[in-house]
Amino acid sequence: MPALRTTRRARRSPHARTAMAVAALMGILTAGVASGGTATAKEAAASPTDGWTQTSFTYSMHKPWNLDLSERYSYDSGSKTHTMWVNSTDEPLEEGSDTDPRTEMRWKQEYTSGQHMWDADVYVPSGTNGADIMQILRVKHPSGTPATDIMFRASSENGGTLRRYTDTVIKSGIYNKWWNLKVAHNASTGKIQVYADDKLVLTVDDRGPATRHFKNGVYHHGNGRAEARFRNIRYWVK
């Protein structure tokens with residue numbers, strides 16, 4: 001009889017067994033959610049350059065036609081920093097041109113298809129207002145279509161703000177600090193993706209078929225002095 005009483009005490013009521021089963025199931029579900037959350041975090045931490053191949057690039061320099069390059073450009077070999085600046089009173093690239101003054105790196109790699117990414121750390125000093133610091137130039141394009149697929153203009157609002165042309169904000173508070181800008185262009189599908197510090201902030205269409213290339217520096221539409229610095233400049237393809 002004592003053994004029989006022990007067996008009865010060890011038994012669980014139907015309600016108790018149901019509660020235990022639910023608890024076990026919740027534990028499994030919770031573990032699954034946690035596992036899924038970890039995977040999502042890993043995906044979120046993935047670099048925009050995953051799956052891309054870094055390749056070499058070459059460039060020429062654009063500057064006011066009547067000045068020596070050293071008067072508007074410098075390169076620090078220690079930090080590998082390119083610094084470009086212009087004044088609003090400077091001459092354009094070519095004598096007699098009605099374009100605004102510029103000092104820019106003109107990339108020689110031209111493309112019509114495929115996936116291409118411009119990638120660099122950027123520093124814009126305070127006071128730079130109304131200067132385009134990076135663009136995808138449509139060097140050969142059908143008549144009546146725009147000359148650029150995208151441009152990024154620095155202005156003085158909110159401690160320095162970078163916008164797509166003069167509309168969509170890419171990043172605010174850019175003055176006097178280094179941060180990373182990536183511009184990925186799938187010329188085959190016509191999509192452009194923009195990343196600020198590796199966070200996707202903009203996806204837009206390009207302006208249609210063309211032969212294009214990257215440019216970075218300062219193309220100045222404002223007043224006074226404009227400057228931009230670039231380091232860790234990289235070119236990625238896919």
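**Contacts, strands and salt bridges**

Reader: What share of the contacts between residues at least 6 apart in sequence join residues at least 24 apart?

Author: The model is predicted, and its chain has two helices and 15 strands. Among the contacts in the chain between residues at least 6 apart in sequence, the share that joins residues at least 24 apart is 66%.

Reader: Over which residues does pLDDT stay under 50 with zero contacts beyond four places in sequence?

Author: The chain averages a pLDDT of 88, and 81% of the residues score at least 70. There are stretches where pLDDT stays under 50, and one of them, residues 18-39, has one contact beyond four places in sequence. The stretch with pLDDT under 50 and zero such contacts is residues 1-11.

Reader: How many of the residues of strand 4 are buried?

Author: Of the 238 residues of the chain, 39% count as buried, and buried here means under 20% relative accessible area. Strand 4 covers residues 81-87 and is largely enclosed by the rest of the structure, because the number of its seven residues that are buried is six.

Reader: Which residue in the turn between strand 3 and strand 4 has a positive phi?

Author: Strand 3, residues 73-76, pairs with strand 4 in the antiparallel sense over four bridges, and within this pairing serine 74 has threonine 83 of strand 4 as its bridge partner. The two strands, strand 3 and strand 4, form a hairpin with four residues between them, and the turn residue with a positive phi, of about 55°, is lysine 80.

Reader: Which residue of strand 15 is the bridge partner of asparagine 87?

Author: Strand 4 is also joined to strand 15, residues 225-237, by six bridges, and these two strands run antiparallel. Within strand 15, the bridge partner of asparagine 87 is arginine 225.

Reader: How far apart in sequence are the parts tied together by aspartate 119 and lysine 182?

Author: The side chains of aspartate 119 and lysine 182 meet in a salt bridge, with 3.5 Å from N to O. Aspartate 119 lies in strand 6 (residues 115-123) and lysine 182 lies in strand 11 (residues 178-186), so the parts that this pair ties together are apart in sequence by 63 residues.

Reader: Are aspartate 119 and lysine 182 buried or exposed?

Author: Side chains of opposite charge can pair when their charged atoms come close. For the pair formed by aspartate 119 and lysine 182, which meet in a salt bridge, the state of both residues is buried.

Reader: What relative accessibility does arginine 212 have?

Author: Arginine 212 and aspartate 149 meet through their side chains in a salt bridge, at 2.8 Å from N to O. This pair links distant parts of the chain, with aspartate 149 in strand 8 (residues 148-155) and arginine 212 in strand 14 (residues 211-220). Aspartate 149 counts as buried because its relative accessibility is 0%, and arginine 212 likewise counts as buried, at a relative accessibility of 0%.

Reader: How many salt bridges does the structure hold?

Author: Some salt bridges share partners, and in this way Asp119, Lys182, Asp198 and Arg234 are joined into one network. The number of salt bridges in the structure is 18.

Technical notes:
Residues are numbered from 1 along each chain as its sequence is written. This is a predicted model: local features need pLDDT of at least 70, side-chain atom pairs count only at pLDDT 80 or more; totals for chains, interfaces and linings use all residues. Side-chain values use heavy atoms; hydrogens and water are left out. Buried means under 20% relative accessible area, exposed over 50%, partly exposed in between (1.4 Å probe, protein chains only). Contact means heavy atoms within 4.5 Å. pLDDT is the predictor's confidence in each residue, from 0 to 100. Two strands pair if DSSP finds at least two bridges between them. A salt bridge is a side-chain nitrogen of Lys or Arg within 4 Å of a carboxyl oxygen of Asp or Glu.
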